[in-house]
Amino acid sequence: MGKKKEEWKKILREAGLRSTAPRVAVLQLLCTSGRPLSHGEVLETLGHDDWDQATLYRNLLKLEEAKLIRVASRAGGITHYEYIQPGEETHHHPHFVCGDCGQVSCLPCDQVSLKVDEKWRTLLAESELQFVGTCTHCREERPHEDVEEVEH
Ligand SMILES: [Zn+2]
Ligand SMILES: [Zn+2]
């Protein structure tokens with residue numbers, strides 16, 4: 001699903017934004033990451049050398065304003081952004097937040113069943129649905145709490 005740089009530039013221009021290297025890089029990263037990323041995670045992945053924190057932060061806000069990305073979660077006071085897939089502009093899927101490491105994952109709608117009554121559905125503009133738990137990675141790292149074998 002990797003788009004070429006030229007395609008990203010076109011997407012930016014069509015959204016009314018100037019296409020700059022940081023914006024292309026951020027979009028590309030958020031589209032391919034497969035999960036929402038925080039400012040810190042984006043910075044970590046793209047490298048501190050190329051762009052400073054403030055530039056990146058401003059670009060994330062710009063991209064959000066242009067509705068190319070959206071805030072997936074603000075759990076724990078940390079904003080996680082995700083790329084808006086074509087056709088997903090108004091439809092929001094739920095997210096799973098790990099209470100240990102703070103990693104946010106997208107939950108595909110076919111894995112969660114949630115019924116919103118017709119009466120409310122017509123009124124819905126946005127939804128922010130989050131499930132909090134422990135991700136598989138943290139679960140594996142966690143020391144076993146059950147009784148360990150006793151050595152004599
Ligand atoms: Zn975790
Ligand atoms: Zn998501």
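Begin by selecting the zinc ion (ligand 2): its four donor atoms subtend angles of 97 to 120 degrees, which makes the arrangement tetrahedral (four donors count as such if all angles lie between 85 and 135 degrees). Donors are N, O and S atoms within 2.8 Å of the metal, or 3.2 Å for Na, K and Ca; water is not among the atoms, so sites may look incomplete. This is a predicted model, in which local features need pLDDT of at least 70 and side-chain atom pairs count only at pLDDT 80 or more, while totals for chains, interfaces and linings use all residues. Residues are numbered from 1 along each chain as its sequence is written, chains are lettered from A and ligands numbered from 1 in the order in which they are written, and side-chain values use heavy atoms, with hydrogens and water left out.

Next, display the residues that hold this ion. The zinc ion (ligand 2) is coordinated by Glu82 (OE), His93 (NE2), His95 (NE2) and Cys106 (SG), at 1.9 to 2.2 Å. Along the sequence, their spacing is E-x10-H-x1-H-x10-C. Glu82 in strand 3 and His93 in the loop between strand 3 and strand 4 (95–98) link distant parts of the chain, 11 residues apart. Helices (H or I, at least four residues) and strands (E, at least two) are DSSP runs, numbered from the N terminus. Both Glu82 and His93 are buried (under 20% relative accessible area, with exposed over 50% and partly exposed in between; 1.4 Å probe, protein chains only).

Now select the zinc ion (ligand 1). Its donors are Cys98 (SG), Cys101 (SG), Cys135 (SG) and Cys138 (SG), at 2.3 Å. The angles that these four donor atoms subtend are 106 to 116 degrees, which makes this arrangement tetrahedral. Cys98 in strand 4 and Cys138 in helix 6 (residues 136–141) link distant parts of the chain, 40 residues apart. Both Cys98 and Cys138 are buried.

Select Ser38 to find its bridge partner in strand 3, His80.

Finally, select Lys67, in the loop between helix 4 (53–65) and strand 2. Its phi is near 60 degrees, a positive value in a residue other than glycine. Lys67 counts as exposed, at 64% relative accessibility.

How values were computed
Two strands pair if DSSP finds at least two bridges between them. Four donors count as tetrahedral if all angles lie between 85 and 135 degrees; four count as square planar and six as octahedral if opposite donors are over 155 degrees apart and all others between 65 and 115; anything else is irregular.
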